[in-house]
Amino acid sequence: MKFFIDTAEIEEIRQANLRGWVDGVTTNPSLIAKSGKPFHDVIKEICKEVAGPVSAEVISLQAEEMFREGKELAKLASNVVVKVPMCEDGMIAVKKFKAEGIKTNVTLVFSPMQALLAAKAGATMVSPFVGRLDDIGVEGMTMVDQVIQMYQNYDFDTEVLVASVRSPMHIQIAAEMGADIATIPFKVMQQMTHHPLTEKGIKQFMDDWNKANKK
Ligand code: G3P
């Protein structure tokens with residue numbers, strides 16, 4: 001299973017990279033806006049930090065414009081993946097990107113049917129947003145299971161990238177289901193390291209060691 005980090009913060013990418021947790025990066029317009037830096041500069045900087053795919057999202061909503069914008073993004077670095085929102089124009093752009101050998105990540109996917117259409121269009125990756133579905137009382141991980149099953153039934157190459165991750169449980173379930181990738185906020189990666197019994201055990205070992213070695 002590949003782990004991407006869902007951030008536009010260079011320091012978070014560096015920290016996660018030091019720990020061996022980064023196979024790629026996803027960004028979105030909200031994360032870029034939060035970084036406060038120019039879009040293309042942020043993407044170029046991120047692409048220098050990681051060897052794996054870096055998703056950069058187009059802002060246009062019209063197919064030709066998306067294609068033009070995506071081609072500019074793809075020129076920034078060889079590991080850029082053009083992130084395209086799920087919509088009809090987006091699918092036209094995805095098909096054209098595929099014909100040009102440019103990788104895509106279809107984002108804002110909230111139903112198995114949207115994921116099926118993205119795969120048909122030739123998406124490299126598809127991003128089901130699990131947390132935002134959970135937010136409206138729909139079990140997000142059920143959609144992931146359905147998408148994996150559909151792609152397996154028909155041997156689609158499109159990778160399932162679990163997005164809008166909010167907790168370690170999303171990652172555990174995604175791994176059990178066999179999702180190809182999860183894109184994870186750094187905070188959730190850190191939460192995944194913790195277990196109260198690990199922390200209690202470390203403390204006990206240290207206390208015993210210190211007692212035995214007291215002069
Ligand atoms: O990769 C998509 C992700 O950034 C969206 O997450 O938490 O805004 O739903 P969230």
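1. The largest pocket has 25 lining residues, and D6, T7, N28, L31 and P185 are those nearest its centre. A pocket here is an open set of points on a 1 Å grid over the protein atoms alone, where a 1.4 Å probe fits, with protein on both sides within 12 Å along at least five of seven lines; lining residues have an atom within 4 Å of a point. The model is predicted: local features need pLDDT of at least 70, side-chain atom pairs pLDDT 80 or more, while totals for chains, interfaces and linings use all residues. Residues are numbered from 1 along each chain as its sequence is written, and side-chain values use heavy atoms, without hydrogens or water.

2. The space in the largest pocket comes to about 410 Å³, a volume being what is filled by probe spheres set on the points, which are joined across faces, edges and corners. Its lining comprises eight nonpolar, nine polar and eight charged residues (nonpolar: Ala, Val, Leu, Ile, Met, Phe, Trp, Tyr, Cys and Pro; charged: Asp, Glu, Lys and Arg; polar: the others, Gly among them).

3. At least two lining residues of the largest pocket come from each of α2 (29-35), β5 (104-109) and α10 (186-193). Helices (H or I, at least four residues) and strands (E, at least two) are DSSP runs, numbered from the N terminus. The most is given by α2, with three residues.

4. The second largest pocket has a volume of about 180 Å³. K98, G122, A123, T124 and D157 are the closest to its centre among 13 lining residues. By class, that lining holds five nonpolar, five polar and three charged residues.

5. M206 belongs to helix α11 (residues 196-212).
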